[in-house]
Amino acid sequence: MPAILIHGVPDTHRVWEDVRRHLTHTDVRAWGLPGFGVPLPDGFGSTKEEYVDWLVGRLEELDEPADLVGHDWGCILTARVASLRPDLVRTWAGGNGPISARYVWHPLAEIWQDPVEGNRFMAELKKDSLADDLAAGFEVPTDLAMQTVRNMDALMKDSILKLYRSALRMGSEWEPDLAKMTAPGLVFWGSRDAACPVEFADELARAIRAERVIKLDCNHWTVLQRPAQVATALEEHWRRHDGS
C-alpha cells in the first residue's frame, strides 16, 4: 500500500527526509508539488484548484488507494483531495494546515496575497534573513531553516504568490466539503504553532470525524522538529487499517 507524503510552503519533498528515516513502511513516496523543486506542467497556473487536480491525476495513476499524508499546504490540499475523491484514499493524515472559515491567514501570507507587497517581498528576499526568521519565530533548527530557504528559487517564489492569491477565501470555500471525507483520519499538530493555532487541529478533526488528534510539543514544522513522533503516529494509523 503506497504512502504518499505531500509538503507545504515554502518547502520541497525534502522536508520529509527525517520522517522517512524513522518509517519502516516499505512503499513511501514524497512527491514534490509543481514549482517547488520540480518543473511546472504546461499551462499550470499554480492555483489551489490546479494543485488539487494535479494530485488527483497522480493518485489516479496508482494501482490502489493510497495512505495520504500532508503538512501545511500539503495538509490542506490532501484533505481537499480526500474530500472530493474518497475512492483514491485509504487513510488520511495531516497537520498544521487549517481549513476553516474562521482562520485568518498569518501575516506573511497576507503579504504574499497582496500584489504589490508580495512582489516586493519576493524581489527583496534575503535568504539568510528568512532563515533567521524561521529559526527564531518557528523554532526550526538553524541548519534545516537554511536548507529550506536555499530551495526558494524564482519558480518557487512565483508559485507561492500565485497559490496564496488563489486562496483568499480557501477556508470558507473548502470547509463544507470536509464532511465528505470517508478515509480514517489522523490529525497531528504543533501545540505551539505560531502561524496556525492548535485550536484548528480540533476543528479539523471534528469536521472529518478523525480517529485521533496528536498535539506535539513544538511549533509549526512538526515534520522537522518531531520527525520520530510523526513517523510513529503515521505507522500506528496505517497499521490500524491494514487489510481494509
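**Entry 1: helix α6 and its cover**

I looked up what covers the buried residues of α6 in this predicted model, and the cover includes α7 (142-150). The buried residues of α6 are Leu130, Ala131 and Leu134. Viewed down the axis of α6, these buried residues fall within an arc of 105 degrees, so they line one face of the helix. I recalled that an α-helix has 3.6 residues a turn, so residues three or four places apart point the same way. On the other side of α6 I found Asp128 and Ala136 exposed.

I then checked the length of α6, which runs over residues 127-138 and has 12 residues. From its first C-alpha to its last, α6 reaches 16 Å, close to the 16 Å expected at 1.5 Å a residue. Just after α6, I noted that Glu139 takes a positive phi of about 60 degrees.

**Entry 2: helix α8**

I turned to α8, residues 154-165, also a helix of 12 residues. I read a span of 17 Å from its first C-alpha to its last, close to the expected 16 Å. Which residues of α8 are buried? I listed Met156, Lys157, Ser159, Ile160, Leu161, Leu163 and Tyr164. Their cover includes α2 (48-60), α3 (73-84), α4 (107-113) and α5 (115-124).

Not counting residues up to four places away in sequence, Ile160 touches Val9, Pro10, Phe36, Trp112, Met122 and Met152.

**Entry 3: the largest nonpolar core**

I looked up the largest nonpolar core and found 84 residues in it. Which of its residues touch the most other members? They are Leu59, Trp73, Trp92, Trp105, Ile160 and Leu204. I noted that α3 gives the most to this core, with seven residues.

**Entry 4: how α2 meets α3**

I recalled that two packed helices are described by the angle between their axes and the distance between the axes. For α2 and α3, I found that the axes come within 10 Å and cross at roughly 65 degrees. The crossing in which α2 passes α3 is right-handed. On the α2 side, I recorded Lys48, Tyr51, Val52, Leu55, Val56 and Leu59 in the contact. They meet Trp73, Leu77, Thr78, Arg80, Val81 and Leu84 of α3.

I found a cis peptide bond between Val9 and Pro10, with omega about 5 degrees. Pro10 lies in the loop between β1 (3-6) and α1 (17-21).

I next looked up Asp72, whose phi is positive, near 60 degrees. Asp72 sits in the loop between β3 (66-71) and α3. Is Asp72 buried or exposed? Its relative accessibility is 8%, and buried means under 20%, so Asp72 counts as buried.

Asn96 has a phi near 60 degrees, also a positive value. I placed Asn96 in the loop between β4 (89-95) and α4. Asn96 counts as buried because its relative accessibility is 0%.

**Entry 5: Ala207**

Not counting residues up to four places away in sequence, Ala207 touches Leu178 and Ala179. I also noted Met181, 26 residues from Ala207 along the chain; the C-alpha atoms of the pair are separated by 8.9 Å.

How values were computed:
Residues are numbered from 1 along each chain as its sequence is written. This is a predicted model: local features need pLDDT of at least 70, side-chain atom pairs count only at pLDDT 80 or more; totals for chains, interfaces and linings use all residues. Side-chain values use heavy atoms; hydrogens and water are left out. Helices (H or I, at least four residues) and strands (E, at least two) are DSSP runs, numbered from the N terminus. The expected span of a helix is 1.5 Å times one less than its number of residues. Buried means under 20% relative accessible area, exposed over 50%, partly exposed in between (1.4 Å probe, protein chains only). Contact means heavy atoms within 4.5 Å. The arc is that of the directions from the helix axis to the C-beta atoms. A nonpolar core is a set of buried Ala, Val, Leu, Ile, Met, Phe, Trp, Tyr and Cys residues joined through side-chain atoms within 4.5 Å. Axes are lines fitted to C-alpha atoms, for helices over the stretch in contact, and angles run from 0 to 180 degrees between N-to-C directions. A crossing is left-handed if the near helix is turned anticlockwise from the far one by less than a right angle, and right-handed if clockwise.
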